[in-house]
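Subject: Structure for your review

Dear colleague,

Please find below the structure that I promised to pass on to you. My notes on it follow the display.

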Amino acid sequence: MTAAISVSGLRKAFGRTLALDGLDLTVRAGEVHGFLGPNGAGKTTTLRILLGLLRADSGSVTLLGGDPWKDTAALHRRLAYVPGDVTLWPNLTGGEVIDLLGRLHGGLDLARRADLVDRFEFDPTKKGRACSSGNRQKVALIAALSSHADLLILDEPTAGLDPLMQAVFEDCVAEQRHEGRTVLLSSHVLAEVEKLCDRVSIIRQGRTVETGTLSELRHLTRTSITAELTQPPDGLAALPGVHELRAVGTRLHCQADTDQLDDVLRQLSTLGVRNLVCRPPTLEELFLRHYGVTA
Amino acid sequence: MNGVGGLVRLALRRDRILLPAWLSMFVLLVIASAAATRDMFPTTESVAAAATTMNGTPALVAVYGRIYDPTSVGALAMLKALGTGAVILAVFSIVLVVRHTRSDEETGRRELLGAGVVGRHAPLTAALVVAAGTNVVLALVTSLSLMGAGLPVEGSLAFGAAWLSVGLVFTAAAGVTAQIASTTRGAIGVAVAVLGVAFLLRALGDTTGPRWLSWLSPLGWGQQFRPFAGNRWWVLAVAAGFTVLVATAAHVLVARRDLGAGLLPDRPGPATGTLSGAFGLAWRLQRGPLLGWTTGFVVYGILVGSIAGGIGDMTGSPEAEEFFKRLGGDNTLTDAVFAAMFGILSVIASAYGVQAVMRLHHEETSLRAEPLLASSVSRLRWAAGHVAIALGGVAVLLLSAGLLAGSVHAAQAGDFSLVGEVLAGALVQIPAAWVLVGVAVAGYGLAPRLAVAGWTALAVFPLLGELGPVFGFDQWLMDLSPYAHVPKVPRSSVTAAPLLWLLLAGAAATGVGLVGLRRRDVA
């Protein structure tokens, strides 16, 4: 598969603040790629460079085979963008803005527009100044999702949506992938990325710290174990590869390095297992390790 | 009323540059006016002659007001400053109040504060306190400056009080309009429209009468203090009473509406749009303000056209002729008046142009430009729409004022060849105003922090023309101002060279700005 986006060694400074410090990112055509990082990690800066709004200080950026700074308008005909912070013109209605943005992206699918307005339960006659942040978000989403773009760039698109609307959004992204579109989804809503994304890049302080499929990333990490034993788990804490052990009486919660899992389970069975839950780490835990432990 | 103190401190902190800058501008204005006139009219006879001529010239009385003591050099010297200064001060007070009330509410900052321990009335009260306090300080500083310039003490105090009363009334009025309109633009627009009506009432009351019309206008009250010409202190009670009344009304209105809403309800609009692209959007955003400005210029044109004719018949004293020719050039009095009036209009039209260009900056900082620039619209096309409207709008404004002034004047004189002459006087101003548009584009395009370039130029260039002769600036310094190069048309022949140079300068500045915009980061 060819790469829809390929970025390497990207650097960008604002005055003395270094926003991006050698960031790498590869998004393959036709995949939904999660772009994860805490606030201020450089997600939005990266997206704005991809859109040709900011100029990179150094590093190479290729988007749909072109240079986003030089071929801006031509590339923009093939992509649609949903900003994280949507502001509308106070005296234009949501419907007017959807149509305007759609036209500027080279036309929009009217049937799909109608369908999305319906599914997002959006009132297109409301003026921009009367729209809540969730409704403003819907305007940008409907415009982007009903365009004919090959690539969707979504910057924390569900921040203002309620859980029902988030579910609608997830369905929509799944449909887009089914149609062969590429989606770059920046987020810190982990459940959303877990559900939607084929591959994930995690960035921190302007650098990519991990990239790969979710299962690849999980190999790097630990397995979460919750167990009910017949006796207190003495001696388990001393075992290599066991972390964050919490025991209350005979109840136990810990994390185990994946390559030590065999030893840990053997030790547990000698203690007598009444109940055992083993699950892959959530992205939350991945995240905490990247940002919580080392931060 | 909880939290007023904290909000006042916040406002002063936010405006720590703006307020001192404004105060110094007003001080410069009064000192320059006092110094300039004293040297021009050394004897009481020359003062009396000039004052009589001014009072007998309806165009001057309409614009600046009446002199109530023809022997007072102070009254003569400060006539222009009193009238124009009061208008500028009113605009300043309006902007200041709206900035700390409706703007904060529109951008959601008010909500952030409202969640703290802040009473429902507190933001309004704080904004009014800040604006009123600024006006009080300004009045004191102005009075002291005038005394320092050697004018009588009581008159100087009355002058300060006159400005204060106008500032206070419009402070309170803006407090009300900020409740009525739900946008910053709307709140300022309605308040400025009230100011326009006040100006018109005073102009009519002082010229054609009936005289009581002036008393309906807060700007008229400022004049009725009669500084250096009787010093009528009781007018302060009228202005203060009215201010309290209007400020109370604003507080009542706050309690009657929802946060973020105006009193005028929002109507639903069309569910589908017909805006075809970047230019369509720019036009949609800019057409309302342009219509408002054009209406103002049409009214001004009619006013100028109807009173300019009367001046030609007047037997003017040499001093008065001198006064006008300094403003309007070497030609007959009527033509000089037109040239002078169009000179003022040129600056105002430039202000329109600069604010139209600043729309780009506003669109960028509010992040509304982002989704457009992420579409197939190039930066150049996005910016070009707004710049074209700014340039075209300036031309439309001056054209309509010139056409109306010329038609009314020609109809009165019964000579329709005059239409073209007067119109030409308005049209020659267009290139100079375009230079200001260019400066605004250049500043904005090169870097967002230079976006104030347009407004700065708009303050500095006219000031160079006002202050230059008084302080004896070098000619090259005064020649920096594009307004210095406009031929004094009608009657003085139109010379093409300066106009071409102005066009070139405007085009170059615009070009620099557009190239800069293509090369820089977009916020």
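Predicted model: local features only at pLDDT ≥ 70, side-chain atom pairs only at ≥ 80, totals over all residues.

Along its principal axes, the C-alpha trace of chain B spans about 65 × 55 × 45 Å. Chain B contains 23 helices and 0 strands. Of its 523 residues, 49% count as buried. Among contacts in chain B with a sequence separation of 6 or more, 74% are made by residues 24 or more positions apart.

The domain assignment divides chain B into domain 1, covering residues 1-264, and domain 2, covering residues 276-523. The centres of these two domains of chain B, taken over C-alpha atoms, are separated by 25 Å.

Chain A has both kinds of secondary structure, with 10 helices and 13 strands. Its C-alpha atoms fill a box of roughly 70 × 45 × 35 Å along the principal axes. Of the 295 residues of chain A, 42% count as buried. For contacts in chain A between residues at least 6 apart in sequence, 70% join residues at least 24 apart.

I turn next to the place where the chains meet. Here 28 residues of chain B are in contact with 31 residues of chain A. On the chain B side, α14 (278-312) and α17 (369-373) each supply at least two residues. The largest share on that side comes from α17(B), with 4 residues. By residue class, the side of chain B that touches chain A divides into 13 nonpolar, 11 polar and 4 charged residues.

In soluble globular proteins, nonpolar side chains tend to be buried together. The largest nonpolar core in this model has 218 residues, and those touching the most other members are A:I153, B:L76, B:V357, B:V394 and B:V437. Helix α5 of chain B (residues 73-100) gives the most to this core, namely 17 residues. Each of the two domains of chain B, domain 1 (1-264) and domain 2 (276-523), contributes at least three residues to the core. On the chain A side, A:I153 touches A:L47, A:L50, A:L51, A:L79, A:Y81 and A:L184, when residues up to four places away in sequence are not counted. Apart from this core lies another, of 9 residues, among them A:A227, A:L229, A:L252 and A:V264.

Strand β10 (residues 222-229) of chain A pairs with strand β12 (residues 251-257) of chain A in the antiparallel sense, over 7 bridges. Within this pairing, A:R222 stands opposite A:D257, and the bridge partner of A:A227 in β12(A) is A:L252. Strand β10(A) also pairs in the antiparallel sense with strand β13 (residues 273-279) of chain A, over 6 bridges. In β13(A), the bridge partner of A:A227 is A:L276.

Strand β12(A) has a further antiparallel partner in strand β11 (residues 242-248) of chain A, to which 5 bridges join it. In this pairing, A:H243 has A:Q255 as its bridge partner. The two strands β11(A) and β12(A) form a hairpin with 2 residues between them, and A:G249 in the turn has a positive phi of about 60 degrees.

Finally, I would draw your attention to one proline of chain B. Residue B:P462 is found in helix α21 (residues 453-471) of chain B. Is B:P462 buried, exposed or partly exposed? The count of other C-beta atoms within 10 Å of B:P462 is 18; a residue needs 20 or more to be buried and 12 or fewer to be exposed, so B:P462 is partly exposed. Leaving aside neighbours within four places in sequence, B:P462 is in contact with B:V347 and B:Y483. By contrast, B:P462 and B:A413 are 49 residues apart in sequence and lie 32 Å apart in space, C-alpha to C-alpha.

With kind regards

Terms used: Residues numbered from 1 in each chain as written. Chains lettered and ligands numbered in written order. Contact = placed C-beta atoms within 7 Å. Domains from an automatic or database assignment. Nonpolar A, V, L, I, M, F, W, Y, C, P; charged D, E, K, R; others polar. Core = buried A, V, L, I, M, F, W, Y, C linked by C-beta atoms within 7 Å. Pairing = 2+ DSSP bridges.
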